Amino acid sequence: MRRRVILGLACAIASVVLGAAAAFETRATKLQAIKTVGVVSAIGEEMSLTQAGLTALGNTGQSVSISAWGLDELIVQQTTKLLSGRFRVQAVSYRRAAFAAIRDSAVAPVNLLRSDPFKELVRSDVAPQGLDAYIVITRARSKLGNGRNVEGIGLAQYRTLLADYGLIHALYEVRVIDGKSFDVIEKRAAAPLDNTGTMRLAGPSGPVDATFDGPASNERLRAAIADLITRSLPVTLGDMHLIDSQ
């Protein structure tokens, strides 16, 4: 009986390993076949302002417009530059607001069961059609402090009775969507960079200090967010095997 159980477990493990290897081979094969791509970005029109911690339990999140910062234009420009060494990148038009409006459900199992909503949006809202693949960059989500969710571009403060911490974040995820079948070939959230601060998020973030105060704080904040994006994009695209690892 014991030998049968061990044999059954061994078969199950082998099946999982072989399945994962087959899936990796399929993704790798599909990526190798891609020649032309278009880049869609929809993360940078709003910045969230979040307070969390023991002294902010009742506060609700706020947001402000940062469309004048041109972060999505920066992302498209930087991504195009990084990908051009391997792919022919073609400019595409799309309704940025439609991509930005899509949110994950607060109930995690719902996200696992429903079809990826960006697939149909690429089919219906991106022009021109017919490219080999579309690189879609949208907001990602992470938990802060006491479990409050933050996403996309933001400024967060975490207060306790004894301390007050702050950080900026640029949380995003990248999808590679097949231009013919509109299947998601690959999907990955940008990973943390240094991740040495008191507060940590599952994505690019950095501490807020005194330089963000005063009349020039808006430009310093924009520059700091842009720095998070430009430093993390090569790492993320490298992890996805779209460019040589940085």
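**Close-up views of a predicted model**

View 1. Helix H6 (residues 217-239) lies across S5, strand S10 (172-178) and S11, and runs at about 40° to S10; axes are lines fitted to C-alpha atoms, for helices over the stretch in contact, with angles from 0 to 180 degrees between N-to-C directions. This is a predicted model, in which local features need pLDDT of at least 70 and side-chain atom pairs count only at pLDDT 80 or more, while totals for chains, interfaces and linings use all residues. Residues are numbered from 1 along each chain as its sequence is written, and side-chain values use heavy atoms, with hydrogens and water left out.

**View 2. The open sheet.** Five strands, in the order S4-S1-S5-S10-S11, form an open sheet with mixed pairing, where strands are DSSP runs (E, at least two residues) and helices are runs of H or I (at least four), numbered from the N terminus. Strand S4 (88-89) and strand S11 (184-189) are the edge strands, each pairing on one side only. Two strands pair if DSSP finds at least two bridges between them; strand S1 (residues 36-42) and strand S5 (residues 133-139) do so in the parallel sense over 6 bridges, and the bridge partner of Val 39 in S5 is Ile 135.

View 3. Ser 48, which lies in strand S2 (residues 46-53), is buried (under 20% relative accessible area, with a 1.4 Å probe and protein chains only), its own value being 16%. Leaving aside neighbours within four places in sequence, the residues in contact with Ser 48 include Gln 62, Glu 151, Leu 155 and His 169, contact meaning heavy atoms within 4.5 Å.

Definitions and conventions. Buried means under 20% relative accessible area, exposed over 50%, partly exposed in between (1.4 Å probe, protein chains only).
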